[in-house]
Amino acid sequence: MSKRAQHGLGGPEIVPAFLSVGDCALAVQFGDVIDADVNRRVIALAESLSDFPIQGVLECVPTYRSLLVSYDPALLRGAALEAALAERIAQLKVSAGSARHWRVPVVYGGEVGLDLEDLAREKQLTPNELIQIHSAAEFRVYMIGFAPGFAYLGGLPKALHTPRLPKPRQSIPAGAVGIGGQQGSINSVTGPSGWRFVGWTPWRAFDPARAEPFLFAAGDRLNFVPVSAAEGAEIAAAIASGESMPMPEAAP
Amino acid sequence: MSLEILSAGPMLSVQDHGRHGRKRFGVPAAGAMDRPAMDLANALCGNPLSAAALEFTAIGGSFRAGRALRLAVTGGDCDIRIGERLLSAGQSHAVEAGEVVKIGALKGATWGYIAVSGGIAVPEVLGARATHLRFALGGLEGRALRAADQLPLGDADETAPCLRPRDPASRPGPNAPERAIRVVLGPQDDYFSAKVLAQLETARFRISAQRDRMAMVLDGPSLPAMRGHDIVSDGIVSGAIQVPASGQPMVLMADAQTTGGYPKIATVTTADLPRLAQLPTGADLRFEVVSRDEAEDILLAERARLREVLASLVPATGMTLSSGFLLSCNLAGSIVEPEAVMGRDLEPSKDMAQ
């Protein structure tokens, strides 16, 4: 059952609501739309709970517009957690953008970016113009979900918004760079997908054997950087041999 | 030393308590569909509850012990043959090195557990040994088990006794289908009209054949969402009852994705989710709405009850049921050869009591 929180945040337009999610979790909902400001508040609360844990909270899942908070009712009851969260939210500092920034190499087109030419034609662009628009945009990781390491990217320029396919394709490889509706994506595991694909990155968003299995986290910013097929293959080989690994840009 | 799989039921997999702490990176929990049943199996074998065990549905399979071990099957009633001995579920049994264990059909339940002393010692992946089939994580190569697989076993003290619960009533038995499955409304109950919310409690639903470790689809009245069946994706827990555009509710289970875009009318209580998972396909059920506070009380009481069961295990007498006794009870005829059920051996199964 949902209940309005008594504590506002940053003005009357965003009053978080507490939603019951069974007896071991609740959701703090900051809004019901896809919006960078709403998402920043979600991530700020997740970071606050990670920096200053509330005893009894087990884990948090930030999504577009709400934070799922799991708890152990033997240590902390849901009602007490709501009170503690309301207090925390009232003091929440939302930073504008010190988030990590990634420059993700992409081989546009080719076997994996199989929709590049069709999409360009649909948009009355040349493939190069489409690549230019796609690689000029800064994307925001709104959340990780659907599959391990799968980043939902906001910030896709309107000119590239494209509906998903009515019938998903059966096998799209990990590393495929896609467009679905108003969002961008980087496939983290091989699997079926109804998104359209414009390229391929030699980076792996998810690799269980790597010391840090997940590249991206909610709140990260990223840009796509066009590279040639030969450069893409070199990057993949350097990663495979352990010579290099994907890194975010050094903080300014 | 290992456990060799000679034949495997249709969905035999390594499970434990699942992966936790990485849901923000999109990693589903996985883990046992009926955790209390798996905990009992581990406790009967003297294992820590964090040990990995095997989960199966319909039938278990046959196994060869690479060393002396203790083995217990829980989840439901089940026929077990170790060598020539016919044994029952719900207590642990000693298995000699080289002996073959056959685990037949599960009765009145959907998920069975096979624990062995020392636990299944496959390497941990992202903090757990549980298998997630779709993302191929954990277990043995991230997949369901099959004939010729060799499962590594952890160390165990084989001088320890076999165990059984002190109170036989706490043994696995038939479910009580007349008991309602309790739910807490939300997180998107406000997407549904008062009429539909009332229907959730008054209607009868039926477990459909569309079920696996990710979700169970329920047959019954349609539950239309007055505010539509698309939401901006948010976080998901196991037990969430999501309602896609078909109006047909779907309960998300252990392997569910971490996020989703359908409204969730209610969440099955943690105490009742294993009971729901165990209901056989075709069974009827009804839901009962409780408050979050009540659900938390119910969960704490259920945990205390389970702790009590695990704390009261006593040494089993070592009694094996003689085949003459089984024949007199007309039980032996129900023993199923796993191979026969799997269609690998269409010969009528031999009367194992002979």
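Student: How do you know what confidence the predictor has in residues 321-354 of chain B?
Tutor: Look at pLDDT, the predictor's confidence in each residue, from 0 to 100. Over residues 321-354 of chain B, pLDDT stays under 50. The model has 48 contacts beyond four places in sequence for that stretch, where a contact means two C-beta atoms, placed from the backbone, within 7 Å. This is a predicted model, in which local features need pLDDT of at least 70, side-chain atom pairs count only at pLDDT 80 or more, and totals for chains, interfaces and linings use all residues. Residues are numbered from 1 along each chain as its sequence is written, while chains are lettered from A and ligands numbered from 1 in the order in which they are written.

Student: And what is the mean pLDDT of chain B?
Tutor: The mean is 88, and 86% of the residues of chain B reach 70 or more. For the complex, the predictor gives an ipTM of 0.90 and a pTM of 0.89.

Student: What does Ala58(B) count as?
Tutor: Ala58(B) has 18 C-beta neighbours inside 10 Å, so Ala58(B) counts as partly exposed. Its phi is positive too, near 70 degrees. You will find Ala58(B) in the loop between strand S3 (53-57) and strand S4 (59-65) of chain B; strands are DSSP runs of E, at least two residues, and helices are runs of H or I, at least four, numbered from the N terminus.

Student: What makes a set of residues a nonpolar core?
Tutor: Such a core joins buried Ala, Val, Leu, Ile, Met, Phe, Trp, Tyr and Cys residues through C-beta atoms within 7 Å. Here the largest one has 167 residues, and Ala53(B) is among those with the most contacts inside it. Leaving aside residues up to four places away in sequence, Ala53(B) touches several others, including Met38(B), Tyr113(B) and Ile120(B).

Student: Which peptide bond is cis, and how do you know?
Tutor: The bond from Gly186(B) to Pro187(B) is cis, with omega near 10 degrees. Pro187(B) lies in the loop between strand S13 (181-185) and helix H2 (194-202) of chain B.

Note on methods. A residue is buried if 20 or more other C-beta atoms lie within 10 Å of its own, exposed if 12 or fewer, and partly exposed in between; C-beta atoms are placed from the backbone.
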